[in-house]
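Subject: Structure handover

Hi,

Here is the structure for you to look at. My notes on what turned up in it follow below.

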Amino acid sequence: RVDKLRELLGVRHPSALTALQSAYENYQGGGADGNRQACEAARNAFENLVRDLTHKDLGPGIDDLSPDDEKRRKLFKDLRDALSVWGPHGSAQPKEADVYLSLRMTEEALIWTLRAANEW
């Protein structure tokens, strides 16, 4: 599934793929700020895909992609918020396990979004 995700993003949404690859690289590379940067890049991947599909920022774009289910919208917005708190708006490094979880959840959110847009 992740290989298919990367392939589809590379063809149709290269900015989302670039951000996702950056998330993986920062996560694997570690370093003093690697976990925070991985979360920031994962958020950027999600935002770039949503922006490509809706031409809106992440919050309003999520509303457009998931107008039929409040729980799903909340789930995606909670993911956005977690990635923000652990990433660009974080003051401390998130734990490695939390970064791994956030990357996996981002991948699934990207897949769901591509499915909703009939691009999967």
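Start with how α5 and α6 sit. The two helices are oblique to each other. Keep in mind that this is a predicted model. Helix α6 covers residues 96-116, and its axis lies 11 Å from that of α5, at an angle of about 140°. The crossing of α5 and α6 is left-handed.

Which residues make this contact? From α5 come R72, F76, L79, L83 and W86. They meet D98, S102, M105, T106, A109 and W112 of α6. By class, the contact of α5 with α6 has 7 nonpolar, 2 polar and 2 charged residues.

Now the other neighbour of interest, α4. The axes of α4 and α5 are 10 Å apart, and the angle is about 155°. That makes α4 roughly antiparallel to α5, because angles over 145 count that way. Here the crossing is right-handed. On the α4 side, the contact uses L58, G59, I62 and D63. On the α5 side, R73, F76, K77 and R80 take part. The contact of α4 with α5 divides into 3 nonpolar, 1 polar and 4 charged residues. F76 is listed in the α4 contact and also in the α6 contact.

Helix α5 spans residues 70-86, and R73 is located in it. Is R73 buried or exposed? R73 has a relative accessible area of 14%, and the cut-off for buried is under 20%, so R73 is buried. Leaving aside residues up to four places away in sequence, R73 touches I62, D63, S66, P67 and D68.

Next, the core. The largest nonpolar core has 31 residues. Which members touch the most others? They are L5, L9, L20, F46 and L110. The elements that give two or more residues to this core are α1 (2-12), α2 (14-29), α3 (34-54), α4 (58-65), α5 and α6. The largest share comes from α3, with 8 residues. As background, nonpolar side chains in soluble globular proteins tend to be buried together.

Best wishes

How values were computed:
Residues numbered from 1 in each chain as written. Predicted model: local features only at pLDDT ≥ 70, side-chain atom pairs only at ≥ 80, totals over all residues. Heavy atoms only, no water. Helix = DSSP H or I, 4+ residues; strand = E, 2+ residues; numbered from the N terminus. Buried < 20%, exposed > 50% of the residue type's maximum accessible area, 1.4 Å probe, protein only. Contact = heavy atoms within 4.5 Å. Axes fitted to C-alpha atoms, helices over the stretch in contact; angles between N-to-C directions. Parallel < 35°, antiparallel > 145°, perpendicular 65-115°, else oblique. Left-handed = near helix turned anticlockwise from the far one by under 90°. Nonpolar A, V, L, I, M, F, W, Y, C, P; charged D, E, K, R; others polar. Core = buried A, V, L, I, M, F, W, Y, C linked by side-chain atoms within 4.5 Å.
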